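Subject: Structure handover

Hello,

Here is the structure I promised to pass on. Please have a look, then read the notes below.

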Amino acid sequence: MKKERRSFPLIGASSLIVIFAVVCLTVFAMLSLNTTLAGERLSQKNADSTVEYYKAEAAAQEILAKIRADETPSEVQRAGNVYTYSCKVSEGKELFVNVTVNSADDYNINIWQVRWTDDWTPDDSINVWDGN
């Protein structure tokens, strides 16, 4: 009597290469999707930040127009013909304006910049070599 041999399906080299290629393509597809979603989140943050800035810019321009029309809004500090005010851009940021107004047509913008309003605290949790 002959002994029965069990036959297992043999996976050849070409099958292994195809399986490896499918796994690699799947991993690359997932990485590509993750990169795309991260890019979308970043572009949305950028768009939101731009909208917030231009809203503050419009508010600052409106205040400047009132100042040039000889109106001094309550949020404006005045020292002679120098006016100082700020408009909130977002949490922790403001648009700071300092302008000298001599007349409705004669004014000079001294400072027009975004400033951080939150306090910055350094991260001292990592021991850094100080050179000694």
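Start with Thr 84, which counts as buried because its relative accessibility is 18% (buried means under 20% relative accessible area, exposed over 50%, partly exposed in between; 1.4 Å probe, protein chains only). This is a predicted model: local features need pLDDT of at least 70, side-chain atom pairs count only at pLDDT 80 or more, and totals for chains, interfaces and linings use all residues. Residues are numbered from 1 along each chain as its sequence is written, and side-chain values use heavy atoms, with hydrogens and water left out.

Thr 84 sits in strand β2, residues 82-90 (strands are DSSP runs of E, at least two residues; helices are runs of H or I, at least four; both are numbered from the N terminus). Setting aside residues up to four places away in sequence, Thr 84 touches Glu 75, Val 76, Gln 77, Phe 96, Val 97 and Asn 98 (contact means heavy atoms within 4.5 Å).

Next, Gly 92. This residue lies in the loop between β2 and β3 (93-101). Gly 92 is buried, at 5% relative accessible area. Beyond its neighbours within four places in sequence, Gly 92 contacts Arg 115, Trp 116, Thr 117 and Asp 118. Thr 117 is 25 residues away along the chain, yet the C-alpha atoms of Gly 92 and Thr 117 are 4.9 Å apart.

Last, Ile 19. Helix α1 (residues 13-68) holds Ile 19. With 48% relative accessibility, Ile 19 is partly exposed.

Best wishes
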